[in-house]
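Please walk me through this structure by question and answer.

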Amino acid sequence: MAALINGKEVSAKVRESVRLETEEFKKRTGVTPGLAVILVGDDPASKIYVGNKKKACLEEGFNSFEHILPESTTETELLELIKKLNADPAVHGILCQLPLPKHINERAVIEAISPEKDVDAFHPQNVGRIMTGNYKFLPCTPAGIMELIHSTGISVSGKRCTVVGRSNIVGKPMAMLLLHENGTVNICHSKTADLKAECLRADILVAAVGKAKLITEDMVKEGAVVIDVGMNRNEQGKLCGDVDFENVSKKASFITPVPGGVGPMTIAMLMRNTLTAAKTAAGEIS
Ligand code: NDP
């Protein structure tokens, strides 16, 4: 039976270390880290995420600047706001909650955020830095997953790693981080010919697809570490991942639950990135 990787516990440790470092940083520099979160429209899930981010900022001792804009906001208006936030010294991190309404070009918005304040690490300059391994910010979800893997005590080096999903936000950067730690990495997607065979090879399996129970027991190697990024609703409307948790946990050595696995890590890493941005702006990190 697999041991649970407890995202709540691991994220609480990260959050506590950020809180203590922030206290010291404020004493040293007189600067309070500030995160600006922009929400356009009234998508209910996005509203919850934005609320959670504000709460986390306050718990860490950060300033939180919320910009809730109506659905009718134009791309020009949004870009104007980002320009102001880029120039505001009290704002160290800027996050624009995705998805944006259809009339706004997501790429233009991502590219408008100053790379120094891009705490989501979605700007092409930061994406490029992830490729070369010379990065300041890592995208929050993959960075959080690396913390979860480290918490097992298992080294990635030399392990066969399979990442299912190749999005810019999760799958691709996830693969790169595993590669940086010397994993032998395989990326799967919707056109992968034999997903089962690819998954069965994995010592470390990361599922980031968005399909409930896509990963079943027969696709998992005995003793594998299984990380479930998926956030889906099952037939009863309950939150569930991409992995058939009940059966896969009989075979895996470690497994993340949903909820309580990857989810809490994403916000913890956002807090860490915001503190890094503030330290960089204060000249403490070059
Ligand atoms: P995307 O929809 O952007 O990407 C999904 C990926 O899964 C694509 O690469 C797609 O392939 C691949 N895929 C789809 N069907 C299959 C299949 N049958 N077999 C193999 N691969 C398949 O999703 P995201 O990366 O943004 O998110 C993935 C999941 O993670 C979602 O459930 C999301 O809610 C969750 N998530 C959770 C977070 C957290 O904090 N816990 C944060 C971010 C995401 P192709 O490229 O060929 O289309």
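Q: Which elements each supply at least two residues of the lining of the largest cavity?
A: This is a predicted model: local features need pLDDT of at least 70, side-chain atom pairs count only at pLDDT 80 or more, and totals for chains, interfaces and linings use all residues. Residues are numbered from 1 along each chain as its sequence is written, and side-chain values use heavy atoms, without hydrogens and water. Helices (DSSP runs of H or I, at least four residues) and strands (runs of E, at least two) are numbered from the N terminus. The elements that each supply at least two lining residues are β4 (93-96) and α4.

Q: How much space lies in the largest cavity?
A: A cavity is a set of points on a 1 Å grid over the protein atoms alone where a 1.4 Å probe fits but cannot get out; lining residues have an atom within 4 Å of a point. Points are joined across faces, edges and corners, and a volume is the space filled by probe spheres set on them. The structure holds one cavity of 30 Å³ or more. The space in the largest cavity is about 80 Å³.

Q: How many residues of the largest cavity's lining are nonpolar, polar and charged?
A: Ala, Val, Leu, Ile, Met, Phe, Trp, Tyr, Cys and Pro count as nonpolar, Asp, Glu, Lys and Arg as charged, and the others, Gly among them, as polar. The lining includes Ile94, Leu95 and Cys96, along with Asp118 and Asp120. β4 gives the most, with three residues. The lining divides into eight nonpolar, no polar and two charged.

Q: Which residue is the bridge partner of Ile38 in β4?
A: Strands pair if DSSP finds at least two bridges between them. Strand β2 (residues 34-40) and β4 run parallel, joined by four bridges. In β4, the partner of Ile38 is Cys96.

Q: Which strands stand at the edges of the open sheet of three strands?
A: This sheet has the order β3-β2-β4, with parallel pairing. Each edge strand has a single partner, so one side of it is left without a neighbour in the sheet. The edge strands are β3 (63-69) and β4.

Q: What angle does the direction of helix α2 make with that of β3?
A: Axes are lines fitted to C-alpha atoms, for helices over the stretch in contact, and angles run from 0 to 180 degrees between N-to-C directions. Contact means heavy atoms within 4.5 Å. Helix α2 (residues 44-60) packs on the sheet and touches β2, β3 and β4. Its direction makes an angle with that of β3 of about 160°.

Q: Where is Pro99 found?
A: The peptide bond from Leu98 to Pro99 is cis, with omega near 0°. Most peptide bonds are trans. Pro99 is found in the loop between β4 and α4.

Q: Which strands are the edge strands of the open sheet of six strands, each pairing on one side only?
A: The sheet has parallel pairing and the order β1-β11-β8-β7-β5-β6. β1 pairs with strand β11 (residues 254-255) in the parallel sense over two bridges. There, Ala3 stands opposite Phe254 in β11. The edge strands are β1 (3-4) and β6.

Q: What is the place of Asn182?
A: Most residues other than glycine have a negative phi. Asn182 has a positive phi of about 70° although it is not a glycine. Its place is in the loop between α7 and β6.

Q: How much space lies in the second largest pocket?
A: A pocket is an open set of points with protein on both sides within 12 Å along at least five of seven lines. Of the 21 residues that line this one, the closest to its centre are Val127, Asn168, Ile169, Lys172 and Pro173. α7 gives the most to the lining, with five residues. The space in this pocket is about 410 Å³.

Q: Why does the second largest pocket lie between domain 1 and domain 2?
A: Domain bounds come from an automatic or database domain assignment. The centres of the two domains, taken over C-alpha atoms, are separated by 29 Å. The pocket lies between them because its lining takes residues from both domain 1 (30-114) and domain 2 (140-263).
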